[in-house]
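Dear colleague,

Here is the structure I said I would pass on. My notes follow below it.

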Number of protein chains: 2
Amino acid sequence: MAAERDPEGRAAAQPLLTDLYQATMALGYWRAGRARVHAEFELFFRRCPFGGAFTLAAGLRDCVRFLRAFRLRDADVQFLASVLPPDTDPSFFEHLRALDCSGVTVRALPEGSLAFPGVPLLQVSGPLLVVQLLETPLLCLVSYASLVATNAARLRLIAGPEKRLLEMGLRRAQGPDGGLTASTYSYLGGFDSSSNVLAGQLRGVPVAGTLAHSFVTSFSGSEVPPDPILAPAAGEGPGVDLAASVKEWLERVCAHLGLGVQEPHPGERAAFVAYALAFPQAFQGLLDSYSVWRSGLPNFLAVALALGELGYRPVGVRLDSGDLLQLAQEVRGVFRATAAHFQVPWLESVSIAVSNNIDEEELVRLAQEGSEVNVIGIGTSVVTCPQQPSLGCVYKLVSVGGQPRMKLTEDPEKQTLPGSKAAFRLLGYDGSLLLDVLQLAEEPPPQAGQELRVWPRGAQEPRTVRPAQVEPLLQLWIHQGQLCEPLPSLAESRAFAQLSLSRLSPEHKRLRSPALYQVALSEKLRDLVDRLHRGGLL
Amino acid sequence: MAAERDPEGRAAAQPLLTDLYQATMALGYWRAGRARVHAEFELFFRRCPFGGAFTLAAGLRDCVRFLRAFRLRDADVQFLASVLPPDTDPSFFEHLRALDCSGVTVRALPEGSLAFPGVPLLQVSGPLLVVQLLETPLLCLVSYASLVATNAARLRLIAGPEKRLLEMGLRRAQGPDGGLTASTYSYLGGFDSSSNVLAGQLRGVPVAGTLAHSFVTSFSGSEVPPDPILAPAAGEGPGVDLAASVKEWLERVCAHLGLGVQEPHPGERAAFVAYALAFPQAFQGLLDSYSVWRSGLPNFLAVALALGELGYRPVGVRLDSGDLLQLAQEVRGVFRATAAHFQVPWLESVSIAVSNNIDEEELVRLAQEGSEVNVIGIGTSVVTCPQQPSLGCVYKLVSVGGQPRMKLTEDPEKQTLPGSKAAFRLLGYDGSLLLDVLQLAEEPPPQAGQELRVWPRGAQEPRTVRPAQVEPLLQLWIHQGQLCEPLPSLAESRAFAQLSLSRLSPEHKRLRSPALYQVALSEKLRDLVDRLHRGGLL
C-alpha cells in the first residue's frame, strides 16, 4: 500500500461548518463571562447501528486534522457578525479572531477500536466557548466515519477473509467528501481497495478499476488501432499484431464453444484488444455489454489466449448484471473446459469479479461455500449505509468548572451520564471481552484478578466480575492543543480493527439478533447519577 | 436572503475525485487513438426516489463550478502515473497535463425542474477521453443534490406552505461536504433555512439557530452575570437588571401556574437570562433540559415577560423530546392563559419550534389542521434520505463519432436509449403537464396544437397527443467550455422548484402510490432502438 501522502492536502472541514446555534451560544457564554470556564464534552452513540452489537470507532484522524487547523479567518468572523445582532460588542469578535484549539485536550478510542453504546468515542475538554463550537464538526467527522467503517466490517464478516472487497460507491456518495470519507473508512473497516482515486492520492487507500460498459460500447469494430503490435511479456523476441492474433484465437474459441465466429460483437472485441494493448499485464474483460455467452465470454477468451501466448496472464473478468453467482459458476466451468481444451492451466483460475447493487443479502449468496466469485465490488450498500444511514452520535456536556453536569430530560433515553470519566475494557481468563466499565476519572482503575462490583446499564442489580486483564480505552491524543503521539497509519488502524473484531465473541459479532455487549457503571458513577436524580434538578 | 457569496470559495470537487477505471479507460482510449473522438453521454435516473413520481433536478451549479475549474495538477498526474503501468508512454501523461474542459458542451435541465425517469438531467459532449473522465464526479455532484432536493420538496408538500422548515442535519450528514450539499439543496427543494453556517457563508442559505441543552445545563444558577443590565428595546429610559426582573416575574408566573417558586431550575433560568442578555431581540427558550412543566416553561415565561416589559418580543420556545404535537398544543394553551392573565396579548402567538428525529410520518402529524407548531427542525430525515439514500443516477454513452451507441445487455432495465437526443415537455389546454417526449436531436420539435404520435416507455401501443404548449427541457449551459449564461441564484432555483411543482397534477404529486408520469419516445427514436435491437449486436 502506498503511504498516506499529503495528509493535509485535503481541505479539512472548515470552522464555519457548524450549526449557527454554536455561534449564538458562544455569544451567550461570552456575554455571561463564561467563555473560558473549563468544560468537558463526551461524544458517544446510544445504539449500535444496523441492529448489530458492535461499532468500529473511526474518524479521529479527521478530527485531529480539523482541530489542529482550527482558526476563524477574517471572512468567517465577518460572516458571523452579519448574522448576529448588529449591536454585538465588537470585543466578542476579537475573541473569535484569536480563537484556536491551544486550550483543548482530546482523549479518544483509537481508530479501529470496538465501541459500545454510551462509551465515549471522544472526550473533549477546554474553554467552554471553543469546545462548544467544536460540537457539530466533530459529530460530522466521527459519526459517518464510524458508521461506514462498521458497515464495511459487517460486509467483511459476511464475505470471509478470502474474497477481495472493492468499494466503488463514489458516485452514490452523499456529496464529494462523503465519497472520500466512505472510501477511507470502508478500507479501515476491512475492504481491500477502492475505486476512488482521490482516496488513493490523499489517504493511501489501494485503488482498483479497469473498464466500464461505455469503453466497450464506444468501439464499433471498424476502428484501426494505430499500433496493434505487442511485445512478449518477457521482453524478448519479436512483437505480435495482437488484433490479428485475437482474430485467429477467436476462430478456435468459437469452434470450441460451438458458436458462429460472427456472433461475438466486433466492437466489444476491438475494445478488449485496445484495453489489452494498454494493459497487457492487467487485462480484465467486462462481459455483459451485449451478451455474456454469445459475445463477452468468447471475445474475452480470444484476447486472453492471445495474451497468454505472449506470456501475459490476464486478470480475469467482471460480471455486472444477471444472477451473479450462477453466472460465475458457469463462467468458471467454461474457463476450466477451455483451459483443458487448449492446455492453458492458468486460465482455470483467473479472477471472476462481480458487481451490481450487492447488499448484505446478496453478499451472503456470493460468499457461500463453493462460490467461484473472487472479487466483489460494492457501491451503494457500503457507502450510503441504506440499512441505517446515520449513527446518531451525540456530544454532551458532562462537566463545567469541575462540577458534573447531566441532562435530566423526561425522556430517559436522552439522559446523560455526568462527570469526567474513564473507561476500561475487562477481559476474561480466556481472552474474551467481558464488559466495558465507565467510572469517574478520579477513581482508581479496576485491577486484574480483583473482584469488582459494577452496574450494567439498564439492569436493576449489580454484577460482580473478576477480570484477567484490564485495558484502558481512552487514549490521550491532544493535550492543550499539542498532538501527543502520531496517529497510526490508515493501514495500521485497519489491521487493528480486524484484531479488535477477532477478540469479540461470535454471539456479539452475529449480524442479526446478536447478544448485546454489556457496558456497566462503577458504583461511584452510579451513586452520582442517583444523587443528581434524587436531587431532582441537580 | 443574503446573496450567493464567494461561490468559488468552496473547494470544488477535485479532478481525481473519480473512479480509477475512468483513468484506465482514458489510457485505453488514448492508446487506441480515440482520445479526441467526439462522444456524448447522458446522465439520468431510472426511477423516481422514495416511491414517488417526481424528482427535482439539482446539482448543476456544482457541476458547472467543477467543469470550469477542471485541470489535473502535476501532483494528480504523478499520482496517476504511480498507479498505471510503469511502461506507459509518457506522452499520455502530457496529454493529461494539458487536459481541460474547453472542448466540452453541457445541456441540462435547469435546477429546480421536474425530472422524470430516462430524461437526461445532463447531456455532456466532447472529446471521448475527457467526457469519460467526468463521469464519476458529475454523478456524485448531481445524484445526491437531486435526491436531497426531492426529499426536501416532499417534506414541504407534507408541511404545507405555512410551517417554517429548518434543515439541521449537518451532524448527521455523510461527511462535511455531504452537509454542505444537503443544506444547499434542501433549501432549493423548499426548506426555509439551515443551521449550517457554512451554507450561509458560501451559498447564501438563510441560517437559523439559538441554543442547545448544553448551554442550559452549563449554568448552575450560582453564576453572577458580569453585566445584567438591559436597556429598553426603544433605547430610551434607564436599563433594568434583567436577572432581578426575571426573579420577580418568576414569582408571579409560579403563582399563576400553581408551582412552587423553588421548582424551576435556577441554572436553566440563569442560562435563559444569559441568552436573553445576548439576544434580547431574539430570545428563544429550549424547554426540555429538565422538566417542561415544572421548569422550562415557567423559566421561559419569567424571562419572556421581563423582556416584554422592556419592549422586547421573544421569538418563542423549542421542544426537543416527548410527544411534540401534544406538548405544542398544551404549551400554546399555557401561553394563551398566561397572556390573558398578565394582559400581554403578544405572548399568545410566540413561535413554537419542535425537533427530534422528525420523519415524513411525524411531519404529517405535526402539520395537521389545528397544530400549534410553527417551526419544524428536521435533521437526519432530510439529510440522509433514509427512505432511499441514493438516487442511482447513471451516465451512459449515447453516441461516438456521430454514431448512436446503446448498451444491449440481457437485463432490459439496464438497456440505454441510443443517439443524441432532445427532450420536450408537452402541456395540455388546462396548463397541466401531459408527458415528456424524447426524440432524436435532428428531429423537428413537436408543434403546439398539432397531433403527435409517441410511444410511452414500457407501453406496447403508441399514443396520440395534441399539446397546447411545448417546452424544450434541455438548456445549453456550457458550449465548448464557455458558460453561455449565468446560472440562476439559489433562491431563484428554489422559487422555480416551487413553480414547477405547482404545475404537476395532484395524482403525480401524491407521496404514496402516485400515478406515474409518462415519458415517451418519438417514432424515430423508437425506430432506432428497434433497429439496433433487431440488428442484435449493433
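Contacts between the chains

The count between chain B and chain A is 33 residue pairs in polar contact, with both residues at pLDDT 80 or more. On the side of chain B that touches chain A, helix H1 (residues 20-31) of chain B gives the largest share, 9 residues. By class, that side of chain B is made up of 53 nonpolar, 34 polar and 22 charged residues. Please keep in mind that this is a predicted model.

As for the extent of the contact, 110 residues of chain A and 109 residues of chain B take part. The size of an interface is often given as the accessible area lost when the parts come together. Between chain B and chain A about 9300 Å² is buried, and carbon and sulfur atoms give 59% of that area.

The rule also finds 6 salt bridges across the interface of chain B and chain A. One of the salt bridges joins the side chains of Glu135(A) and Arg171(B), at 3.0 Å from N to O.

One residue in chain A

Lys414(A) sits in the loop between strand E15 (403-404) and strand E16 (421-427) of chain A. Is Lys414(A) buried or exposed? Its relative accessible area is 10%, and the cut-off for buried is under 20%, so Lys414(A) counts as buried. Along the chain, Lys414(A) and Arg46(A) are 368 residues apart, yet their C-alpha atoms are separated by 8.8 Å.

Regards

Methods. Residues are numbered from 1 along each chain as its sequence is written. Chains are lettered from A and ligands numbered from 1 in the order in which they are written. This is a predicted model: local features need pLDDT of at least 70, side-chain atom pairs count only at pLDDT 80 or more; totals for chains, interfaces and linings use all residues. Side-chain values use heavy atoms; hydrogens and water are left out. Contact means heavy atoms within 4.5 Å. Buried area is the accessible area (1.4 Å probe) that two parts lose on being put together, summed over both. A salt bridge is a side-chain nitrogen of Lys or Arg within 4 Å of a carboxyl oxygen of Asp or Glu. A polar contact is a pair of N or O atoms within 3.5 Å; within protein, one must be able to donate a hydrogen and the other to accept it, and residues adjacent in sequence count only if both atoms are side-chain atoms. Helices (H or I, at least four residues) and strands (E, at least two) are DSSP runs, numbered from the N terminus. Ala, Val, Leu, Ile, Met, Phe, Trp, Tyr, Cys and Pro count as nonpolar, Asp, Glu, Lys and Arg as charged, and the others, Gly among them, as polar. Buried means under 20% relative accessible area, exposed over 50%, partly exposed in between (1.4 Å probe, protein chains only).
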